[in-house]
Amino acid sequence: MTSFLLSRASWHTTRRALKYCLSSSLPIFNNIAISSSNRTLETNPNFINIFIPTLNQFIQSYHCTSLGFKISHENQNPNPLNLKFFREISTLSSSKNNENQENGGSSKEGHQSWIDLYLPRQARPYARLARLDKPIGTWLLTWPCMWSISLAASPGHLPDLKMMALFGCGALLLRGAGCTINDLLDRDIDTKVERTKLRPIASGLLTPFQGLCFLGFQLLLGLGILLQLNNYSRILGASSLLLVFSYPLMKRFTFWPQAYLGLTFNWGALLGWSAVTGSLDLAVVLPLYVAGVFWTLVYDTIYAHQDKEDDLKVGVKSTALRFGDSTKEWITGFGIACISSLALSGVSADLVGWPFYAFLAAASGHLTWQIWTVDLSSRADCNKKFVANKWFGAIIFSGILFGRCWC
């Protein structure tokens, strides 16, 4: 009776283990076709014939211990049927990984972005390397440029549309170049972080040499845009490359990489003004630049909370780890400093009409909503609040635009 009960327990435990393992590899064991994305794989008829006896032998040659369901091997002689059984499973299980690489490395099963739909297969890894499917970074880099260009416009006039188009294209290229640099320098770290392990270089879809070539291509296009600006702006713009290249290293040395990102991402607040006027009015652009840095500290600290567990494992630093449970108090202070600096910049730029300050109040409400409703323990909510910052930038831009036209 004891032997019978142990046999039954072993059978049920092994069946549950096999059901869990096989469910991820084989949808169903019958004579119908198995669909996998765009291909159809016909089931081998002989596979069914060997499955049942092989399963019986597998159950008989293994047993489950009562502690921890640890499986141990009793029969040291390998059975060819068992080996064939697991070769079939391994082949089907790895087919999705191979298809992922063939399709250019789609990051989520079943999820298709415009990159998968419209770009050639060879171009997809490069598009993902530049984060073209995630435009939020480009928006966050673009808005300080647009703020500055609008502030530099003459009272009662619209900002320079050609300059705004140039800076929009430049932001797209510089953001892509920055992501490429980041992935090249962090390729060993990215493989250990759940959110980044499928990035093109970390996953092996692109080699570091291919990444370097793509980086050179993006910087060459960016140089073409920079050369269309005045000489003062060319020097000022080129000097930002030091920040761009060094930012990915900061997380290894300081708990404040988000502050360094703020210095990098908001360089356009200085460059936009100089591109229009040929110089810098520090009374206007310095508070604007500082406001952008504090804004970055808000949204990128929220963003960093997505990776705080992985950051601890791999030994990198962030303000999310530095602030811990006091994060909301810290970013509240950063938000107040951001709004105050924006108000100071507006006063210095002679934005005396009510539209700018009305929009500034709306932006304050938006930032307050972000800070006090974000669930810092939820990756999904942190990402949602991070992405919402494109609307904060748009509100400030609208306030400057209407404030200038009102004068």
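Where in the chain is the place of R199? In this predicted model, R199 is found in the loop that runs between α8 (187–190) and α9. Its relative accessibility of 17% lies under the 20% limit, and R199 therefore counts as buried. When neighbours within four places in sequence are left aside, the residues in contact with R199 are R131, N182, D183 and D190. The C-alpha atoms of R199 and R187, which are twelve residues apart along the chain, are separated by 8.7 Å.

R131, one of the contacts of R199, is itself situated in a loop, the one between α5 (124–129) and α6. R131 is buried, its relative accessible area being 8%, and its backbone has a positive phi of about 60 degrees although the residue is not a glycine. Most residues other than glycine have a negative phi. D350 belongs to the loop between α17 (327–348) and α18, and with a relative accessibility of 52% D350 counts as exposed, whereas R131 is buried.

The chain as a whole contains 20 helices and four strands, and buried residues account for 45% of its 407 residues. Of the contacts between residues at least 6 apart in sequence, 69% join residues that are at least 24 apart.

Two helix pairs illustrate the packing. Helix α6 (residues 136–151) and helix α7 (residues 161–185) have axes that come within 9 Å and cross at roughly 150 degrees; the two helices are therefore roughly antiparallel to each other. The crossing in which α6 passes α7 is right-handed. On the α6 side the contact is formed by G137, T138, L141, T142, C145, M146 and I149, which meet M163, M164, F167, G168, A171, L172, L174 and R175 of α7. Sorted by class, this contact of α6 with α7 comprises ten nonpolar, four polar and one charged residues.

In the second pair, α14 and α17 pack with their axes 8 Å apart and at an angle of about 155 degrees, which makes α14 roughly antiparallel to α17. Here α14 passes α17 in a left-handed crossing, while the crossing of α6 with α7 is right-handed. From α14, the residues A283, V284, P287, L288, V290, A291, F294, W295, L297, V298, T301 and I302 take part, and they meet T327, I331, F334, G335, A337, C338, S341, L342, L344, S345 and S348 in α17. The contact of α14 with α17 has 17 nonpolar, six polar and no charged residues.

In helix α10 (residues 231–239), the residues S233, L236 and G237 are buried. These residues cover an arc of only 100 degrees around the axis, which puts them on the same side of α10. The face turned away from this buried side carries the exposed residues N231 and I235. Packing against the buried residues of α10 involves α9 (208–226), α11 (241–250) and α13 (268–277).

In helix α19 (residues 379–387), D381, C382, K385 and F386 are buried. Viewed down the axis of α19, the buried residues fall within an arc of 140 degrees, so they line one face of the helix. The other side of α19 holds A380 and K384, both of which are exposed. The cover over the buried residues of α19 includes α6, α14 (282–304), α18 (354–373) and α20 (389–406). Of these elements, α6 also has a contact with α7, and α14 one with α17.

The relative accessible area of S318 is 2%, and the residue is buried. With neighbours within four places in sequence set aside, S318 is in contact with F255, P257, Q258, A304 and D311.

Definitions and conventions. Residues are numbered from 1 along each chain as its sequence is written. This is a predicted model: local features need pLDDT of at least 70, side-chain atom pairs count only at pLDDT 80 or more; totals for chains, interfaces and linings use all residues. Side-chain values use heavy atoms; hydrogens and water are left out. Axes are lines fitted to C-alpha atoms, for helices over the stretch in contact, and angles run from 0 to 180 degrees between N-to-C directions. Angles under 35 degrees count as roughly parallel, over 145 as roughly antiparallel, 65 to 115 as roughly perpendicular and the rest as oblique. A crossing is left-handed if the near helix is turned anticlockwise from the far one by less than a right angle, and right-handed if clockwise. Contact means heavy atoms within 4.5 Å. Ala, Val, Leu, Ile, Met, Phe, Trp, Tyr, Cys and Pro count as nonpolar, Asp, Glu, Lys and Arg as charged, and the others, Gly among them, as polar. Buried means under 20% relative accessible area, exposed over 50%, partly exposed in between (1.4 Å probe, protein chains only). The arc is that of the directions from the helix axis to the C-beta atoms.
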